[in-house]
Amino acid sequence: MTDLQHLIVHPGLSLHQLFVRMNEGRAGILLLVDEGGRLQRTLTDGDLRRLLLSGVALDAVELAFPPKAPITAPEGSSHATLLERMKQGGVNQIPLLDAEGRPSALVQMRDLDGPILLSTPHMGEDELEFVTQAFDTNWIAPLGPNVDNFERELAEMVGIGHAAALSSGTAAIHLALVLLGVGPGDRVFCSSLTFVASANPILYQGATPVFIDSEPGSWNLSPQALERALLEAEAEGQPPKALVVVNLYGQSADMAPILALCERFGVAVVEDAAESLGASYQGRASGTFGRFGIYSFNGNKIITTSGGGMLVSDNGEQIERARFLSTQARDPAPWYQHSQVGFNYRMSNVLAGIGRGQLRVLEERVAQRRAVFDRYQQSGVGGGLLEWMPEAEFGRATRWLSCGLFHAESGVDVQALTEAMARQGVEARRVWKPLHLQPLFADCRYYPHRHDHSVSDDLFARGICLPSGSNMPPEVQQQVIDTLDTSLQSARAQ
Ligand SMILES: Cc1ncc(COP(=O)(O)O)c(C=O)c1O
């Protein structure tokens, strides 16, 4: 869905001004409205050029466009209606009108055609400019001003001293563990309910992961289970070298008790905030609490550089060292000289340009994702069988993904449900399969929330993640709601 503010134009603008607006709007279309804001007609680049060719001066303001009924649809039109109108009219975007005939949104064919995906990239208006600057100045690779500025701008935004832009969030976790001196034989504690990328770097370093369960209030790391694990490790004389604590689906873990425990037992914290950029904990940005924090700009994240990550810390020396290690650890010598193992983990100047543009719309994206969640919640989807992921009172979640949990007695087979939804073109996913259940980590220890109850097993069995993109028009959200409700019937009957 496209932001309308740059596309709406009123009579009285000169032809030149319209060309400028067309150029700035980047949608290939302007929406000409009357004094009441009602849509009169759409204007294309061709409409403007034809006027120019017919002899109208660029500074003329009395512009007589031939009447042309715009192809529009009322707000709330179904996905199918919108697609049909676009196909009939031979257009690839369509303005939605409110009851008064005022444009309220511009829906793109690409947002409707094909399956509705879980979370897709959503560009703002500045990304292309930063990328173009990189091309114009030939700062294509490897580093350059976009990288420096992206690091500085992100650090300022989250309120931390230093940041290093890297090729992925996984690379950032890996470097954090390297910088903490994690090596063969060390134990590293890690949240169990997460994507495998949180724990793979522990294996890269030859260390041993130990998994910690979630607590039900935030779905994130259980301080209770952590304490048991730390006490046991201490009794065995093998305290962990580090803890990788994950902030799931856009919500922070309960950092205060976790940090207090880690302080008590002398454990360094790496905060995996790959999914929680834009969230807060007690008023402070998620990702800024550990010795190191990491963010991901993978294509499905709240903002993306198509692929990328960031390592952040208040320790400037360590971040400088991360930059050194991520560029093959080249010694300061006149030739290529290396005294230690390095990595090719740095972000390119082109991708950092995308990141700078995306950072400017982060707050907007948080609001949009939260609005998607609110809409699902208010719709009553799931017919009372679905309980939404709680938003813990200690902070603000971004609702990166809208997630819910079917009641234990609902009889819903979540796997069958996601498959039924996929057949109708809607991608919904199970909640992460906990790492302690993965064959890769079959030999690893696991500490459940309570001795007799594993919260993450339950979240995996009963949880679902729904399409949550910030670029989903209300019609598409409605389609998700309808599809879930119709698929639910078959998923319960089976
Ligand atoms: C919790 C978590 N940690 C780490 C990562 C790894 O980030 P990247 O894909 O940028 O390597 C991801 C996502 O991809 C993630 O969801």
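A contact here means heavy atoms within 4.5 Å. With that in hand, 68% of the contacts in the protein chain with a separation of 6 or more come from residues 24 or more positions apart. Bear in mind that this is a predicted model, where local features need pLDDT of at least 70, side-chain atom pairs count only at pLDDT 80 or more, and totals for chains, interfaces and linings use all residues. Residues are numbered from 1 along each chain as its sequence is written, and side-chain values use heavy atoms, with hydrogens and water left out.

The protein chain has 16 helices and 21 strands; these are DSSP runs numbered from the N terminus, with helices being H or I of at least four residues and strands being E of at least two. Its radius of gyration is 26 Å, close to the 23 Å that the globule rule gives for 494 residues, so the chain is as compact as a globular protein of that length. That radius is taken over C-alpha atoms, and the rule is 2.2 Å times the number of residues to the power 0.38. Along the principal axes, the C-alpha trace spans about 85 × 70 × 35 Å.

Now for the sheet. Three strands make an open, antiparallel sheet in the order β13-β12-β17, where pairing takes at least two DSSP bridges between two strands. β13 (284-285) and β17 (395-396) are at the edges with a single partner strand each, so one side of each has no neighbour in the sheet. Strand β12 (residues 280-281) pairs with β17 over two bridges, and S280 sits opposite R396 in β17.
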